[in-house]
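Try each task before you read its solution.

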Amino acid sequence: MKTRLAGRAMAVWVIAAGVAWADGAPPPPPYQMRAPLPEGDRLVPGRDADALFSNRCGACHLAGGMGTNILTKERMALGAPPESGLLVNRSDLTRSYITTVVRHGKRAMPSLSRVEVTDAELAAIARWLGKAGE
Amino acid sequence: MKLTLPPRVSLERFHQALNAFEGVVGKGWVLATDEDRDAYADLYAPGSEAEWPAAAAVAPASVEEVRAVVRLANEFKTPLWPTSRGKNLGYGASAPRMPGTIVLDLGRMSRILEWDTDLGYCVLEPGVGFFDLYEHLQRAQAPLWMSVPGNAWGSVLGNALDHGIGYTPYGLHSRNLCGLEVVLPDGDLMRTGMGAMDGNHSWHLFPSSFGPDWTHMFTQSNLGVVTKAGLWLQPAPEASLLLTWDIPREEDIGWVIDTLAPLKISGVIDQNVFIPSWLGKIVLLGQRRDFWDQPGAMPDSRVQELLREHRLGYWQVQVRFYGSESVNRARADILKAAFRRHLDAPPQETAWQAGDPLSQYDVTMGVPSAVALQMGDWVGGRGAHMGFSPVVPATSKHVMAQLRRSREIIAAHDVDFYASFTLSGRFATNINMLMYDRDNPRQVANIRKLFNALIGETARAGYGEYRTHLGWMDPVSDTFDFNGHAQRRLNERVKDALDPNGILAPGKQGVWPKAFRASRSGGEKT
């Protein structure tokens, strides 16, 4: 059989142990520093949502992260631009969808505990990221 | 997930225990809803998550809170399963071995207590993740490098305590531990090594002790809760040189190991050398169906097509040298000369100097990434993996025999073959990634059968696993059978002496306390 993704894979950051994988592929993005976890009581609303997203979700959902890579492939297969693999670029996510995925997982993404992301933190992140409303 | 109570604990008593825990850690840090229990389940469970259910979780924020929770657990007879960040993916994540155990989630204990750039160490709490430590060192511009595992989403200490492996000169992570602080099963607090002396300045520097050193009694162990530990870090090198070879044929792994091992043992190579097979690269490119649309294992003919199509070798060898540029070059010349005796193609050479950017994905430079988890997407659906991980002597004789044995067993079960060897000197760790769709009962049943076959056949040939999934801790511990399981008898005697109520992690690595010994599952996992 023929490999089905020869063309579209080129646009994805596909790197193996530091060596560029595909000819013509752009270099990988440098390490994406996450924002520090905002100070304050983690159980209380009101902390910086942008920083919370970066710190709590950034290991996978900043540029080049595992989640971003998988979503980029998925989105491109649907005809969406590769930039939509980054959650911050999405305008179609609802708050309830974000909350559901975080608490119940989705495919390769595990559910996250309330120690990893508290309810207050998740509410702030969902409000900030969920541009499609409730 | 519905509540599974700890053995012999009533619902009323269970709720009394949770209330008591809440009095210690505060409202909001005892987690006991169905959704909470889901979050502490094994997301890659080969079968139902309900096989290894947690009853609840409690999350202390300090060593004093840990001590208080452990004392209460003894009072209420509610066992605890300590996790650092719960990312032991492929081995059970944060799920407990015994149903109804309460997860002791140490994720809130996430302080980096010390770091010393002169002597190259840090002191961490268990909730510190690889990303946390990396960013801390970067922001402090500390000339220190970490060693990271393939999946670096988890805890630095948790990984070291579970004998995790990385790919730098500091790649044997449990060897980097120096000086632990431990809450014992009765709530007592002790420190290992020189830390046994109050205020000792060498606690995290001297790797032994006055008298017996108990440090490794607490790794892959259920004898204590590690609440802080010293960890040695690599001084950032002024330069580095990476040599990369694609190794064409499967059987070439024999000469590769025979070439690299003496150089690693003699110190020409100082890193742990990771040697993945081709599938380790292909999984990053797409899903299985993009490359092979049949249900059975990908045949050799298609593998060879893919290797040609993507200009890949069957294996990839990457050796990185660290230090001054001239020394790196001299070492590289020795290695290149040794490889030329077997392979005409020269390596790709990638030089790096202090100040150059670090690749986001380069585990050989201690940069944390979770991108290895993309393999979870390979089979589609709720993809998952389990690792079968025997340790073999680093010679072609042993490596080739292990490769042929596991390949034959995996092929007989019609599963894609994804092997890697990590060379650490005198031994190599052979990780066989078994990937499956959790929602496909046939695949799950097949993987379980396959895992049993691998454990049995490999042990009969004289090799054991260094680490395994929750569900196979008993079968693997059964394979360590010298003198009628003498090591198990010792483990149980120590466990019963220190933990008479069996409070800490019953069943961890097949070590069961007297109180729950009947829960051991003998023989193969069905």
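**Exercise 1.** Find the residue just after α9(B) and say what phi it takes.

*Solution.* Keep in mind that this is a predicted model. Step one: go to the end of helix α9 in chain B, which spans residues 300–309. Step two: look just past α9(B), where Arg311(B) takes a positive phi of about 50°. Step three: check how well α9(B) is covered. The answer is hardly, as 1 of its 10 residues counts as buried.

**Exercise 2.** Work out the strand order of the open sheet in chain B, and its edges.

*Solution.* Start with the order: the 4 strands run β1-β2-β4-β3, with mixed pairing. Next, look for strands that pair on one side only; these are β1 (30–31) and β3 (80–83) of chain B. Now zoom in on β3(B): its partner β4(B), residues 101–105, lies parallel to it, with 4 bridges between them. Across that pair, Thr83(B) sits opposite Asp105(B).

**Exercise 3.** Which residues touch the most other members of the largest nonpolar core?

*Solution.* The core holds 166 residues, and the top four are Val58(B), Val69(B), Ile102(B) and Ile257(B). Then pick Ile257(B) and list its contacts, skipping anything up to four places away in sequence: among them are Ala394(B), Val399(B), Phe421(B) and Leu423(B).

**Exercise 4.** Where in chain A is confidence lowest, and where is it highest?

*Solution.* Begin with the chain as a whole: mean pLDDT is 85, and 81% of the residues in chain A reach 70 or more. By element, strand β1(A) (residues 15–16) is lowest at a mean of 35, while helix α4(A) (residues 119–129) is highest at 98.

Notes: Residues are numbered from 1 along each chain as its sequence is written. Chains are lettered from A and ligands numbered from 1 in the order in which they are written. This is a predicted model: local features need pLDDT of at least 70, side-chain atom pairs count only at pLDDT 80 or more; totals for chains, interfaces and linings use all residues. A nonpolar core is a set of buried Ala, Val, Leu, Ile, Met, Phe, Trp, Tyr and Cys residues joined through C-beta atoms within 7 Å. A residue is buried if 20 or more other C-beta atoms lie within 10 Å of its own, exposed if 12 or fewer, and partly exposed in between; C-beta atoms are placed from the backbone. Two residues are in contact if their C-beta atoms, placed from the backbone, lie within 7 Å. Two strands pair if DSSP finds at least two bridges between them. Helices (H or I, at least four residues) and strands (E, at least two) are DSSP runs, numbered from the N terminus. pLDDT is the predictor's confidence in each residue, from 0 to 100.
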